[in-house]
Number of protein chains: 4
Amino acid sequence: MTCKIAIIGASGYTGAELLRLIATHPDMEIAALAANSKAGQTIAQVFPFLRHLDLPKLVTWEEIDFSGIDLCFCALPHKTSQEVISKLPTHLKIVDLSADFRLRDPAAYEKWYGNPHAAVEMQKEAVYGLTEFYRDAIRDARLVAGTGCNAATGQYILRPLISDKVIGFKDIILDLKCAVSGAGRSLKENLLHAEMSEGTNAYAVGGTHRHLGEFDQEFSALAGEEVRVQFTPHLIPANRGILATCYVSGDAQAVHATLVKAYAGEPFIEVLPFGETPSTHDVRGSNFCHIGVTGDRIDGRAIIVAALDNLTKGSSGQALQNANLMLGLDETAGLMLAPCFP
Amino acid sequence: MTCKIAIIGASGYTGAELLRLIATHPDMEIAALAANSKAGQTIAQVFPFLRHLDLPKLVTWEEIDFSGIDLCFCALPHKTSQEVISKLPTHLKIVDLSADFRLRDPAAYEKWYGNPHAAVEMQKEAVYGLTEFYRDAIRDARLVAGTGCNAATGQYILRPLISDKVIGFKDIILDLKCAVSGAGRSLKENLLHAEMSEGTNAYAVGGTHRHLGEFDQEFSALAGEEVRVQFTPHLIPANRGILATCYVSGDAQAVHATLVKAYAGEPFIEVLPFGETPSTHDVRGSNFCHIGVTGDRIDGRAIIVAALDNLTKGSSGQALQNANLMLGLDETAGLMLAPCFP
Amino acid sequence: MTCKIAIIGASGYTGAELLRLIATHPDMEIAALAANSKAGQTIAQVFPFLRHLDLPKLVTWEEIDFSGIDLCFCALPHKTSQEVISKLPTHLKIVDLSADFRLRDPAAYEKWYGNPHAAVEMQKEAVYGLTEFYRDAIRDARLVAGTGCNAATGQYILRPLISDKVIGFKDIILDLKCAVSGAGRSLKENLLHAEMSEGTNAYAVGGTHRHLGEFDQEFSALAGEEVRVQFTPHLIPANRGILATCYVSGDAQAVHATLVKAYAGEPFIEVLPFGETPSTHDVRGSNFCHIGVTGDRIDGRAIIVAALDNLTKGSSGQALQNANLMLGLDETAGLMLAPCFP
Amino acid sequence: MTCKIAIIGASGYTGAELLRLIATHPDMEIAALAANSKAGQTIAQVFPFLRHLDLPKLVTWEEIDFSGIDLCFCALPHKTSQEVISKLPTHLKIVDLSADFRLRDPAAYEKWYGNPHAAVEMQKEAVYGLTEFYRDAIRDARLVAGTGCNAATGQYILRPLISDKVIGFKDIILDLKCAVSGAGRSLKENLLHAEMSEGTNAYAVGGTHRHLGEFDQEFSALAGEEVRVQFTPHLIPANRGILATCYVSGDAQAVHATLVKAYAGEPFIEVLPFGETPSTHDVRGSNFCHIGVTGDRIDGRAIIVAALDNLTKGSSGQALQNANLMLGLDETAGLMLAPCFP
């Protein structure tokens with residue numbers, strides 16, 4: 001059975017990544033592609049790397065006839081996304097890649113994103129899209145909210161450790177190194193090659209990055225008490241990849257054992273042998289997440305490092321994994337391609 | 001029917017690229033992997049990006065039992081390759097990725113590579129592996145010689161133009177920009193990140209690059225007269241990709257029409273609309289080759305630019321395409337993955 | 001004697017590069033800095049890398065009191081530049097870094113830049129700023145027009161060869177590899193790190209790049225006949241540097257001898273021993289230009305490769321060298337800093 | 001007065017960086033250059049970017065006549081350095097850039113470097129080369145030990161905070177992002193461009209990096225009690241630059257005030273306004289160190305980020321600054337060049 005798919009917001013990086021992955025998916029067919037600012041253009045004009053694919057022209061999302069569509073990916077900027085999604089037909093399954101439905105609490109949404117939510121009812125209905133931890137709910141969901149790419153990386157490290165209480169909750173530090181495609185195709189001076197390449201800097205220092213809203217929501221729920229982590233993202237001169245270095249108090253071997261157990265059956269999460277360290281080079285372009293645990297020379301301190309591709313496992317790959325579940329397809333379909341190294 | 005595959009030289013970049021591609025091939029199973037210098041190690045140790053795959057341990061090639069193997073890829077350095085291949089069982093289909101069987105003339109081989117050929121009989125038997133132009137011979141071959149990655153790029157531009165005599169033969173210039181993975185995993189100062197990144201230089205200037213042997217052999221045969229091109233490769237700070245800029249005398253529209261016609265049915269060669277220009281960004285990690293033609297302001301001069309990924313279409317992708325033909329499989333199996341952008 | 005300097009257009013890359021160079025100049029003092037879009041800001045806000053310098057705040061150029069200023073650099077976009085310069089006081093020496101005064105013929109200017117020139121009288125007066133070839137005129141000039149960075153690179157190769165008639169004029173090909181800072185700080189999708197890094201492409205193919213106007217003007221004047229070169233620029237993933245590969249007919253040894261002689265006394269132009277090849281890595285951040293000559297295997301063909309830093313020798317370094325001459329200072333003052341490697 | 005300088009180990013990156021800096025030093029003359037593995041070659045052969053300089057040929061260090069030399073830089077690998085230095089004439093002032101004389105305790109040296117020290121007496125005499133904190137001792141020293149580049153970066157953040165006891169000593173975390181030139185010109189697979197570019201990874205995780213020996217020695221001495229920090233270095237795809245992100249408990253404003261006061265008169269250390277964050281882009285190629293302080297959303301937590309160039313302020317620039325002091329020259333001579341941006 002081939003499922004018919006629409007993508008709204010097909011001219012950004014996450015839209016393109018969805019097309020890249022679906023290109024070899026055995027059970028999906030792209031029925032419609034929307035990008036309001038580039039309506040009328042072909043995909044080959046917007047993304048020449050996809051020119052070998054036979055795909056529909058870009059239209060505005062209002063032009064799409066959704067009657068035959070099974071599932072729609074929304075890869076729009078936040079705020080725009082909630083406005084569009086609230087107007088889509090109710091029969092449609094939706095995977096949203098924006099930030100709009102990640103936070104369940106309207107007040108938290110407004111605090112982190114600065115505007116009141118325009119679709120509060122749908123916000124309640126949305127399932128948080130971190131597949132490995134919400135799998136059953138995702139299967140039955142109509143609307144799944146893709147997680148933040150940094151938020152996914154941090155949670156792959158910390159969720160099992162918080163659930164099993166093998167680490168302290170008061171001094172968790174997440175130091176992230178993030179590739180530039182996480183910022184999307186937006187035109188900003190600091191994203192120019194001339195200003196990005198050959199250097200690095202921190203940003204949103206001091207607990208101001210919006211993905212903290214997700215950490216707070218998820219970790220506090222898991223712990224049954226308020227958990228606040230410290231989180232500093234850094235921009236590195238690479239196009240794909242997030243490396244999260246996490247500093248915790250706890251027994252490193254217990255930390256490792258907890259993660260090994262938690263991800264034992266997971267097709268995409270690889271916990272490395274104790275003492276090994278992952279690299280973003282080894283997950284680039286793939287849906288895999290590698291996690292390594294090391295003990296510190298200071299007793300009772302552990303360091304956990306996780307690597308994933310922000311555009312794949314951190315965004316469009318996760319979205320496709322969730323769509324597979326929602327459509328009753330093989331969860332790994334279209335997602336087993338190996339990383340692109342070197 | 002699943003074909004059993006061996007790879008000799010699995011610890012280099014072209015070996016790794018074969019494994020990346022075959023990972024999603026529906027009809028191939030990796031039965032043996034050899035890398036004499038790393039025998040005893042797992043692939044996860046040598047190439048952590050492949051750690052999700054269930055693959056045999058590395059052994060020496062002498063340890064492989066070839067009785068059940070259908071086809072063997074040899075991804076060894078040149079010279080070593082001919083020595084190993086001459087000792088392999090004769091029932092075995094072989095795709096060689098080295099330079100050893102590209103030149104049919106032993107004297108030409110010795111001239112360009114500096115040593116007499118150690119397997120002259122096999123050299124005669126080998127079929128030149130430029131799939132689009134030797135497809136029928138490859139189907140029936142026992143031994144196929146993968147082309148040089150630069151040689152492939154130049155030939156995709158020039159073969160149809162020479163065959164159809166739409167360009168002059170006396171003033172052909174090929175200016176190539178080549179990514180560093182073409183040099184393999186060899187440890188040289190000029191391949192260090194610190195010396196490569198953020199800059200570019202020409203090398204093998206003046207007609208000394210070995211891939212000229214292939215150009216001379218192939219173009220002279222096509223033209224029915226001796227053709228000598230000028231060819232200057234440049235190293236650019238990128239890991240994958242070759243961009244060939246070719247300067248010829250001839251009518252640009254005729255050049256374009258000839259290329260469009262030549263590649264009309266080809267699954268991997270895309271001739272862009274007249275006046276458009278390809279980018280290596282748009283073929284990275286894929287088996288596609290994009291070709292663009294533009295006329296110059298000077299009448300009677302045309303510029304043709306081609307882009308491909310040296311590790312895929314220029315080497316391991318080509319090798320897999322040829323193996324598919326030799327084994328009677330779908331020619332595009334394992335090769336339709338979209339480029340990895342951004 | 002300390003000369004008082006103003007810079008108009010100080011918030012772009014060439015303005016910043018001027019400040020970097022002048023920072024260690026013994027005889028220049030920055031008296032005023034203008035950047036109309038960022039007036040009111042400090043240089044530390046616009047260019048944090050210059051925060052250690054004690055510099056005036058940015059103002060609009062209209063706010064500058066030019067009465068005490070000896071020389072003004074204009075680092076504005078073309079078209080804006082001619083409008084501003086035509087309103088500056090006539091006592092002021094001016095070095096313009098834009099394209100506005102490079103072409104002496106108003107018709108040529110309009111052809112390449114698409115608009116009639118707004119200051120035709122000044123256009124006649126301007127001296128072309130290729131220091132090594134216009135040194136005496138520059139010394140006496142009131143207005144010097146900085147050359148295009150690609151135009152400079154090509155002329156360093158070709159001017160002596162054309163003057164001395166050691167090469168053919170009918171088949172000159174210039175294939176350039178250009179770093180991204182040449183495009184300035186402009187916000188374009190293709191200049192984003194995510195779209196630039198790890199790949200390359202040609203642009204302005206077929207003789208449409210504006211720097212051809214300079215080649216045509218200068219080479220035809222030198223030859224005493226119309227000379228038209230083929231010129232294809234390529235964007236490479238590097239921030240600084242131009243590598244020009246030039247294909248000519250002529251005797252390679254004679255070509256080398258001509259260049260050695262032409263640049264014998266020049267402080268910044270280094271002709272390498274015959275057969276050696278330059279790299280942009282070796283000139284980065286400096287005012288040096290390295291040139292190498294090699295003969296081709298085809299008799300009567302030579303390849304000349306030149307490397308310089310587009311922001312320094314190709315633009316702001318050249319501008320400072322000219323300013324030194326105009327002010328009667330040591331020509332090399334502020335310019336002897338070594339390249340930044342690795 | 002011109003001082004005569006020798007460099008032993010001139011063919012590595014720190015040796016080259018010394019030459020780059022000294023090139024514009026008004027009071028130093030390079031009298032001898034040694035590089036035993038490349039003796040007989042010119043600097044232009046080993047480092048073409050220095051070809052414009054008139055420098056002596058490379059010799060073995062045993063060939064140098066030290067009688068007229070005022071000061072010798074040793075840029076050798078550790079262990080080799082102590083062996084060579086112990087044989088140099090005793091009149092000679094020496095700045096060592098290796099790790100050999102950084103640790104005052106022979107047992108600590110043996111613990112971190114794995115071999116007993118071969119020059120224990122000199123080890124006692126050596127002054128630790130962190131200029132801002134050992135300035136007076138350096139002025140009078142015969143032998144100064146350059147610090148580790150990571151060790152310098154961490155100490156610029158932490159020394160004043162530990163001295164003034166404005167932070168807790170039990171939970172200090174240093175997460176460093178380090179450019180590849182810190183690994184020197186050594187030939188290792190993971191330093192190849194193909195394996196480094198476009199990604200990042202942690203290394204020496206868990207408290208095994210040798211620069212911890214320096215942190216332990218210096219911080220414990222300052223605190224008057226044992227201080228053990230957590231320190232994780234990461235390799236980033238850049239050639240120059242270290243960014244240190246430091247997580248501490250303490251009042252952020254007090255932290256900022258302490259750093260502002262500590263570095264008030266320093267020519268090379270810039271403490272940014274509270275809440276601003278530095279970037280390695282803004283110090284590249286220079287001797288400056290930028291430090292920023294931000295408070296976290298969690299009360300009582302501060303984040304300090306420091307950026308410097310590992311080859312300049314982290315190594316050769318520091319060495320030159322110390323040499324200036326030892327020779328009675330202006331401390332900033334040869335070191336005021338602005339960073340190279342973009």
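User: How many salt bridges does a search of the whole structure find over all chains?

Analyst: A salt bridge pairs a side-chain nitrogen of Lys or Arg with a carboxyl oxygen of Asp or Glu lying within 4 Å. In this predicted model, a search over all chains gives 96 salt bridges.

User: Which residues would show me a salt bridge inside a helix of chain A?

Analyst: Take A:Lys124 and A:Glu121, whose side chains meet in a salt bridge with an N to O distance of 3.3 Å. Both belong to helix H5 of chain A, residues 120-125, and because they are three residues apart there, about one helical turn separates them.

User: Turning to the interfaces, how many residues do chain A and chain D each bring to their contact, and what area do they bury?

Analyst: Residues belong to a contact when heavy atoms come within 4.5 Å, and on that basis chain A gives 48 residues and chain D gives 48 residues. Between them the two chains bury about 4,000 Å², with carbon and sulfur atoms accounting for 54% of that area. On the side of chain A, the residues that lose the most area to chain D are A:Glu198, A:Gln230 and A:Arg297, which together make up 20% of what that side buries.

User: Which polar and charged pairings are found between chain A and chain D, and how many of each?

Analyst: The count between chain A and chain D is four salt bridges, and there are 34 residue pairs in polar contact, with both residues at pLDDT 80 or more. A salt bridge between these chains joins the side chains of A:Asp175 and D:Lys177, at 3.0 Å from N to O.

User: Which elements of chain A form the side that touches chain D?

Analyst: Among the elements that give two or more residues to this side are helix H8 (193-196), helix H9 (211-223), strand E8 (173-178) and strand E10 (230-235) of chain A. E8(A) gives the most, with four residues. By class, the residues of the side of chain A that touches chain D divide into 20 nonpolar, 17 polar and eleven charged.

User: What does B:Arg297 pair with in a salt bridge?

Analyst: Its partner is C:Asp216, the closest N and O atoms being 2.7 Å apart. Across the interface of chain B and chain C the rule finds four salt bridges, together with 34 residue pairs in polar contact, both residues being at pLDDT 80 or more.

User: Within chain B, how do the axes of helix H7 and helix H10 cross?

Analyst: A helix pair is read from the approach of the two axes and the angle between them. For helix H7 (residues 149-163) and helix H10 (residues 252-262) of chain B, the axes come within 9 Å and cross at roughly 105°, so H7(B) is roughly perpendicular to H10(B).

User: Which residues meet where H7(B) and H10(B) are in contact, and of what class are they?

Analyst: From H7(B), B:Tyr156, B:Ile157, B:Pro160 and B:Leu161 meet B:Val255, B:Thr258, B:Leu259 and B:Ala262 of H10(B). By class, this contact has seven nonpolar residues, one polar residue and no charged residues.

User: Finally, what should I note about the backbone at A:Pro342, B:Pro342 and C:Lys165?

Analyst: The peptide bond from A:Phe341 to A:Pro342 is cis, with omega near -5°, and A:Pro342 is found in the segment after helix H11 (312-326) of chain A. In chain B, the bond from B:Phe341 to B:Pro342 is cis, with omega near -5°, and B:Pro342 lies in the segment after helix H11 (312-326) of chain B. C:Lys165 has a positive phi of about 55° although it is not a glycine, and C:Lys165 lies in the loop between helix H7 (149-163) and strand E8 (173-178) of chain C.

Technical notes. Residues numbered from 1 in each chain as written. Chains lettered and ligands numbered in written order. Predicted model: local features only at pLDDT ≥ 70, side-chain atom pairs only at ≥ 80, totals over all residues. Heavy atoms only, no water. Axes fitted to C-alpha atoms, helices over the stretch in contact; angles between N-to-C directions. Parallel < 35°, antiparallel > 145°, perpendicular 65-115°, else oblique. Nonpolar A, V, L, I, M, F, W, Y, C, P; charged D, E, K, R; others polar. Polar contact = N/O pair within 3.5 Å; in protein donor to acceptor, adjacent residues only side chain to side chain. Buried area = accessible area lost by both parts, 1.4 Å probe.
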